[in-house]
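Please read the following explanation alongside the sequence and the coordinates.

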Amino acid sequence: MIDIDKIKKQVEQTSTLDELEALRINLLGRQGVLNSYLKELKNLPLGERKKRGEELNLLKEELESVVNKKIEAITSSFLLERLKKESIDPYLPPFPINIGRMHIINRIINKIVHIFERLGYETVEGPEVETEYYNFEALNMPAHHPARDLWDTFYLNNGKLLRTHTSPVQIRTMESNRPPIKIIAPGRCFRKDNPDASHSPVFYQIEVLYIDKGVNFAHLKGTLEYFARSMFGRDQEVKFVLSYFPFVEPGAEVAVKCVICKGRGCITCKQTGWLEILGAGMVHPEVLERQNINSKIYSGFAFGMGPERIGMLMYGINHIRHFLDNDLRFLNQFKFHLED
Ligand SMILES: [Zn+2]
């Protein structure tokens, strides 16, 4: 007869599912111990066969439940052990992720461009390699004009040059469009200047041009005041000082009340309380006439500004080369988003 206690002990002693399965087959399988007893039933007399059959069925149920319990026990202990081995620590710091971001100079340019887009200006671009015609002649500076010396120019072997300002974009726009013209043209420029804190051979300029009937100096002033307040704050004061550029008449240099000392005087504004940010003026009638725009009907204003200079003033940056060096220690300081 089957010794149920002995079997329970055997089941208890197994430690793997494989061992347990072998034992189960031995007990409950087709060729197992229990089946061999069941097969012998038919040799018993009828009365005894029924009684014996019930006994064996109960035994079978008990064995199955003992084995199933052990299967559960082994599975859960295995799972616990695996959890212990493969545990993760959610409190460990994550690996640092370096997220790319737009270069600060592009963000300053975008902010300036967005201000003028709100006023209806269209963004256009022109080539960095220019001809003397677009860079000088069409801007009222014929050959040997002394004003050409204002820009120390990189000339190329093919007779072309690297544009010294974005003003050639004015001419290209007037060639292919009729007034009203309202454009903003950001881009790189090149000059053979001696590099210092505020001069670099490569720099950006943003050109703005507006031509229509009846445009006058008051429009220019209003536009620049709107720009300065959008860029530096709503109380920003703006000053115009008469100046000379060959392609405008009259011309002006535009200064904002020093954003660092608020006009009291500091090193950045050289104790004047004012900071020059751009050159501006009414487009010279000669420049308009050359592009077949009747200067008796149409007039306009233009100005050009350096976004590096504006960025230096806004963030207290003391050298223009920081914009070109691509030193991450500098660039990573501008993690915020510029609003427009
Ligand atoms: Zn100052």
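In which strand is P250 found? In this predicted model, P250 is found in strand 7, which covers residues 248-257, and the peptide bond that leads from E249 into P250 is cis, with omega near -5°. Another cis bond joins P179 to P180, with omega near 5°, and here P180 is placed in the loop between helix 7 and strand 4.

Most peptide bonds are trans, and most residues other than glycine have a negative phi. Against that background, two further residues deserve attention. Q271, although not a glycine, has a positive phi of about 65°; this residue is found in the loop between strand 7 and strand 8 (274-283), and it is exposed, with 11 other C-beta atoms within 10 Å. N326 likewise has a positive phi, near 55°, and is placed in the loop between helix 11 (322-325) and helix 12 (328-331), where N326 counts as exposed because it has 9 C-beta neighbours inside 10 Å.

Helix 7 (residues 168-176) contributes the buried residues P168, V169, Q170, I171, T173 and M174. These buried residues pack against helix 6 (132-135) and against several strands, namely strand 2 (129-130), strand 4 (181-190), strand 5 (202-213) and strand 9 (298-305).

At the level of the whole chain, the division is into domain 1 (4-85) and domain 2 (104-331), and the centres of domain 1 and domain 2, taken over C-alpha atoms, are separated by 93 Å.

Turning to helix 4 (residues 46-85), one finds that helix 2 (residues 17-28) packs with it at an angle of about 175°, the axes being 11 Å apart. Since an angle over 145 degrees counts as roughly antiparallel, helix 2 and helix 4 are therefore roughly antiparallel to each other. From helix 2, the residues L17, L20, R24, L27 and L28 meet K60, L63, E64, V67, K70, I71 and I74 of helix 4, and by class this contact comprises 8 nonpolar, no polar and 4 charged residues.

Helix 3 (residues 33-40) also packs with helix 4, their axes coming within 11 Å and crossing at roughly 170°, so that helix 3 and helix 4 are likewise roughly antiparallel to each other. Here L34, Y37 and L38 of helix 3 make the contact with L56, L59, K60 and L63 of helix 4, and by class the contact has 6 nonpolar, no polar and 1 charged residues.

Terms used. Residues numbered from 1 in each chain as written. Predicted model: local features only at pLDDT ≥ 70, side-chain atom pairs only at ≥ 80, totals over all residues. Axes fitted to C-alpha atoms, helices over the stretch in contact; angles between N-to-C directions. Helix = DSSP H or I, 4+ residues; strand = E, 2+ residues; numbered from the N terminus. Parallel < 35°, antiparallel > 145°, perpendicular 65-115°, else oblique. Contact = placed C-beta atoms within 7 Å. Nonpolar A, V, L, I, M, F, W, Y, C, P; charged D, E, K, R; others polar. Domains from an automatic or database assignment. Buried ≥ 20, exposed ≤ 12 C-beta atoms within 10 Å, placed from the backbone.
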